[in-house]
Amino acid sequence: MNSDNNPPSEPAQKSASPPTTKGGSRIIGRLLPAAIRLWLKSQTEQVEALSIDIEGRDRQILSGEISGVSVSAQQAIYQGIALSQLQLSANDISINVRQVIRGKPLRLLKAFPVLGKVVLTEADLNVSLSSSLLGNGLKDFWRSLLQAPDFATIVEERYGQLALREDLMLKAAQIRLCDRSLALSFYPQTTHQTAQRPIVLATALTLIEEHYLQLTSPHWLETIEELTYPIQGQPIEVLDGYQWDLGKDTQLKALTIQTQQLHCTGQLMVKP
C-alpha cells in the first residue's frame with residue numbers, strides 16, 4: 001500500500017489504492033474500509049496493489065449488511081498460495097458493524113459466495129507447492145488416482161511398491177504448464193526411502209459441471225521437460241476421463257491453461 005496509508009512496520013501489504021465507496025458517507029468512507037483492509041491483511045501473508053470498492057448506504061451498513069464489495073490485488077499470498085493477479089466480488093455480506101464502530105475487529109456473520117478471477121504463473125504454482133494447502137491437495141489427488149481401476153497395478157509395474165505407500169511424500173515436486181496441458185513430477189519418498197526415478201504425469205484438463213476436473217489424454221513422461229501439446233509419452237488409458245471432485249463449495253466457471261500461466265474463474269464459499 002501507499003506509505004501514506006500504512007506505517008512502516010507493515011511491509012507485507014503495499015502499493016494499495018485507497019478504497020472507494022458508492023452511496024455511503026463517513027462510516028463507509030473511514031471506519032469500514034479500514035476494517036476490511038485489516039481483515040484482508042489478516043487473511044493474507046502478502047498483497048500488493050490492493051484496491052477495495054464498497055457499495056452500500058449508512059442505514060444499510062449500520063444494520064450489518066453490505067450490498068457489495070469488489071477487491072483487486074497483485075502478488076498476493078493466501079494460505080501459502082501465490083497469486084499473480086486477483087479480482088474478487090461479493091454481494092449481501094453480513095458483518096458485525098456496530099462492534100467495528102466501537103473499534104472491535106471485523107467478523108463475518110454468515111457464509112456468502114465470492115466470485116473470483118485469478119491468474120497463477122508456473123512460478124506461483126511451484127512456490128505454492130511448499131504450502132500445506134496445495135501440497136496436501138496433490139497428495140490427496142495422487143491417492144485418489146490410485147483408487148482408479150487397474151491404475152495401482154500399472155504404477156507398481158512402472159515405479160515399484162514405494163509409489164503405492166500410504167505414507168508417501170512427494171519429494172522435489174514440480175509443475176509445468178504448457179498450452180492446454182500440465183505436468184506433475186515428483187520423487188516417491190517415505191521416511192526411510194526415496195525413489196531414484198521421478199513419477200511424471202502429464203494431462204490436459206477439462207472442466208465438468210463446475211466442480212469436477214476431468215483428465216484428458218493423460219500420459220507418462222520420462223522428464224517434466226518433455227511436456228508439449230499435443231502430449232507426448234506413453235498414454236495412460238485407464239485414467240482417460242477420470243474426474244476429480246473439487247468439493248461442493250467450489251464452482252469453477254472457466255479454466256484456461258497457457259504456457260507458464262493458468263487462468264481461473266469461479267465461485268467459492270467464504271465461511272465465518
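Biologist: Where is S131 found?

Modeller: S131 sits in the loop between α4 (122-128) and α5 (132-145). Helices are DSSP runs of H or I with at least four residues, strands are runs of E with at least two, and both are numbered from the N terminus. This is a predicted model: local features need pLDDT of at least 70, side-chain atom pairs count only at pLDDT 80 or more, and totals for chains, interfaces and linings use all residues. Residues are numbered from 1 along each chain as its sequence is written, and side-chain values use heavy atoms, with hydrogens and water left out.

Biologist: Why does S131 count as buried?

Modeller: Buried means under 20% relative accessible area, exposed means over 50%, and partly exposed lies in between (1.4 Å probe, protein chains only). S131 has 8% relative accessibility, so S131 counts as buried.

Biologist: What lies 2.6 Å from a polar atom of the S131 side chain?

Modeller: The backbone oxygen of S128 does. The backbone nitrogen of L134 lies 3.3 Å from a polar atom of that side chain.

Biologist: Which residues does S131 contact, leaving aside neighbours within four places in sequence?

Modeller: They are Q79, G80, I81 and N136. Contact means heavy atoms within 4.5 Å.

Biologist: Why is W142 called buried?

Modeller: Its relative accessibility is 2%, so W142 counts as buried. Beyond four places in sequence, W142 touches F151, V155, A163, L168, F186, I199 and W220.

Biologist: What makes the pair of W142 and F151 edge-to-face?

Modeller: Rings of Phe, Tyr and Trp (its six-membered ring) pair if their centres lie within 6.5 Å; planes under 30 degrees apart count as stacked, over 60 as edge-to-face and the rest as tilted. By this rule there are five aromatic pairs. The ring centres of W142 and F151 are 5.8 Å apart and the planes stand at 75 degrees, so the pair is edge-to-face. F151 has a relative accessible area of 0%, so F151 is buried.

Biologist: Why is the pair of Y159 and W220 edge-to-face?

Modeller: Their ring centres are 5.2 Å apart and their planes are at 70 degrees, so this pair is edge-to-face. The pair links distant parts of the chain: Y159 is in helix α6 (residues 151-159) and W220 is in strand β10 (residues 212-220), 61 residues apart. Both Y159 and W220 are buried.

Biologist: Which residues do ring pairs link into a cluster?

Modeller: The cluster holds W142, F151, Y159, F186 and W220.

Terms used. Polar contact = N/O pair within 3.5 Å; in protein donor to acceptor, adjacent residues only side chain to side chain.
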